[in-house]
Number of protein chains: 2
Amino acid sequence: MTVADLSLDKGQPETGKRLLQDVSLPAAVLHEAPLAHNLAWMQAFCAAHGASLAPHGKTTMAPALFQRQLAAGAWAITLATAPQCRAAFAHGARRLLMANQLVGQANMAIAAGLIEAGAELYVLVDSAANVRQLDAFFGARGLRLPVLVELGVPGGRCGCRDRGEVMALAEAVAQAQALELAGLEGYEGVVRAEGDDDPAAAVAAYAGTLVATLEALDAAGRLPVARPLVTASGSAWHDLIAEAFRDAGLDERVHRVMRPGCYLTHDHGLYAEAQARLLARRHDIGAGLRPALEVFAQVQSLPEPGLAIVAMGRRDVGGDRPPLALRRYREGGTARATLAVDGWRVEKLMDQHAFVALPAASDDVAVGDVVAFGISHPCLTFDKWRRLCRVDQDLAVLETLATCF
Amino acid sequence: MTVADLSLDKGQPETGKRLLQDVSLPAAVLHEAPLAHNLAWMQAFCAAHGASLAPHGKTTMAPALFQRQLAAGAWAITLATAPQCRAAFAHGARRLLMANQLVGQANMAIAAGLIEAGAELYVLVDSAANVRQLDAFFGARGLRLPVLVELGVPGGRCGCRDRGEVMALAEAVAQAQALELAGLEGYEGVVRAEGDDDPAAAVAAYAGTLVATLEALDAAGRLPVARPLVTASGSAWHDLIAEAFRDAGLDERVHRVMRPGCYLTHDHGLYAEAQARLLARRHDIGAGLRPALEVFAQVQSLPEPGLAIVAMGRRDVGGDRPPLALRRYREGGTARATLAVDGWRVEKLMDQHAFVALPAASDDVAVGDVVAFGISHPCLTFDKWRRLCRVDQDLAVLETLATCF
């Protein structure tokens, strides 16, 4: 081995290798079958509701996955920041929905460069101050920037707090020579039910407010574009947003756009629970999404009865909730020869280690055993990896996917 | 701009730019003056206690910082995984202390490759099973691997739980043809005081146990190397470890090695508090370390009185504790023209956003204002960035530092 052979981060090109034999663990693993299922599932779900899909790319920041999403029919890629837009554009995504405010001269310069290079880019606005800043910057570059007004909720994140603020901001956009109001955006993930209210009802009510506000903008002549957008939807309430958009009797001009991101890999935590609630609301959509992202790691120490230390930490897996032990393999074994992890419980994550409590009868556990862990919240596991391994059902590595965080 | 010009992640080469004018924010920022101070401080501290410094590289994974640590006199770089060792070696670190068990054929292959390429690599062992695995692998490659037995604590992480286990494992190492026992390792960061005991006393007692166990190994003829190592020390209790090693009356053959990592940038949270306790114990070491790592981000929305949404989230800053607003600047302003952030409090982090509660009289806050945040636990902020900006006191970018996570 020479220095030139040495790759420089933990994720390596592993295509063609066998996960249980040849790959340095821990590794982030994408299972092809559920990935392909989810990719098709959400595309079909949006189409069935008359909406386009602009999957949120910030979840994975994996260009190979953006390309599969676009090939499957996605209308655009959604991103959260100007550098994320740059990365997606550099890998072939031409239509970019930046579902966030564009702030700062350097970030505006990135966005302007993308437009000059041929991108169709939308950004959000929620303040007259930001409208003035964007107008000055893009006007000076001789560019026209399509913007969506963001409608938030009181106590929420960004966004105008009511229709009055939306209408005033639309007026400011109309006066900004370099800007063009292209529609209305919201994010139902920050809606909170009050008191004993049903969270689903609060989300549906918010979706209704979005639609009504868009109609008010249109009635006031504030939407000069051919196809004004209305867009919302993370990955927990997409059914309610899609239904509200479908059933609102919106003008045919209006382009409804959904922006879920986590659907692509789903999870064994937060979104698994959200889907259980969704399936209790909707009985016509089958079994839904399947978890596709796992982290494989090895038992490195069995220092006391009832305790395994696994070589996987907060550097490798998101910490919203502890990862969930799913299956175990002997190193070098086959994908079908799984060993039990009944009762295994991740009690603590340090930077590079997981503390796993084992049940009393765990005599067959060995140093070197490979454990597959389910994760919660894909966004915060993807961003721990520069490369992920996409595998088939035999745990052969089909592709090494780079990320652009 | 062409596609070829487009860099692919959020951290860009920013050398020569001005942080408040030209750099896409959020950005991770290293301040040169405190960085240089800390670099020299810990080197001098170890030297004054007769110990070598093998700074833990997993904190930063920044080769440019490894090179400064080595140039300042570090004896080795400590790492946590085989891929981290590979990254450090590829960037010029020849002596590598992997303060962790080496598990898995693929990871052993990385380590073997490093040794074949000229690395002096040490790894930890804490089980006979792992000793057998290492012996088989390195023996088959015709290599000899120096190992350190890890001494842990009951209820702790990895490591033998008592002297009896250490002696038995040393016996197993002696019988392993491909292994060589090079010393004893511990990590006092997982020591917990019992009941009302003083945590510092518990750490000091653990350090004493380490020294006594090393002496027992030596007395039993288990340390065949010329200079056996005894090593411990994270960044919270380094004074107690250094004192224990200094005052133990150890044989001159014994090489004492300290492994702090977070000292290099220090912080405004966990380690700031640890240092306050240290300075209360030791009155002879001046003001100690200074925080060098901050995240700069911009106000993107002021949607309600008393609330600022800042474009910085869990993708940008470690979440052990909320980041701390330190100073504010107007975008495009100078480093000296700071604005107040009295009473600013980060209440919540989402993936890409921070919710900041503002005090009642915050009329001067503007969308676009740049806020410098202090962080807690450098390890979990460094790993959010592929590149960091090292700046001078005028916030001019002196260097763009790559990381190898």
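**Domain and chain interfaces in a predicted model**

One salt bridge is found across the interface of domain 1 of chain A and domain 2 of chain A. The model is predicted. A salt bridge also joins the side chains of A:Glu273 and A:Arg321, with an N to O distance of 2.7 Å.

Chain A is divided into two parts by the domain assignment. Domain 1 is made of residues 9-29 and 289-402. Domain 2 runs over residues 35-281. The centres of the two domains, taken over C-alpha atoms, are separated by 34 Å. Domain 1 of chain A brings 21 residues to the contact, and domain 2 of chain A brings 25 residues. The area buried between them is about 2,000 Å². Carbon and sulfur atoms give 64% of this area. On the domain 1 side, A:Leu289, A:Arg321 and A:Phe382 supply 34% of the area buried against domain 2 of chain A.

For chain A, an unreviewed UniProt entry lists residues 292-392 as "domain: D-serine dehydratase-like". In the model, this span is 4% helix and 43% strand. The C-alpha atoms at the ends of the span lie 11 Å apart.

The interface between the chains was examined next. Here 81 residues of chain A are in contact with 81 residues of chain B. About 6,100 Å² is buried between chain A and chain B. Carbon and sulfur atoms give 53% of that area. Eight salt bridges are found across the interface of chain A and chain B. A salt bridge between the side chains of A:Asp320 and B:Arg314 has an N to O distance of 3.0 Å.

The nonpolar cores complete the description. The largest has 121 residues. Within this core, the residues with the most contacts are B:Leu96, B:Leu102, B:Leu134, B:Phe138 and B:Trp344. Helix H7 of chain B, residues 199-219, gives the largest share of the core, with nine residues. Residues up to four places away in sequence aside, B:Trp344 touches B:Val299, B:Ala325, B:Arg328, B:Val356, B:Ala357, B:Leu358, B:Pro359, B:Val365 and B:Val371. A second core is separate and has 119 residues. Among its members are A:Tyr206, A:Leu293, A:Val346 and A:Cys379.

Methods:
Residues numbered from 1 in each chain as written. Chains lettered and ligands numbered in written order. Predicted model: local features only at pLDDT ≥ 70, side-chain atom pairs only at ≥ 80, totals over all residues. Heavy atoms only, no water. Core = buried A, V, L, I, M, F, W, Y, C linked by side-chain atoms within 4.5 Å. Buried < 20%, exposed > 50% of the residue type's maximum accessible area, 1.4 Å probe, protein only. Helix = DSSP H or I, 4+ residues; strand = E, 2+ residues; numbered from the N terminus. Contact = heavy atoms within 4.5 Å. UniProt positions renumbered as here; feature names shortened; annotations may be inferred. Domains from an automatic or database assignment. Buried area = accessible area lost by both parts, 1.4 Å probe. Salt bridge = Lys/Arg side-chain N within 4 Å of Asp/Glu carboxyl O.
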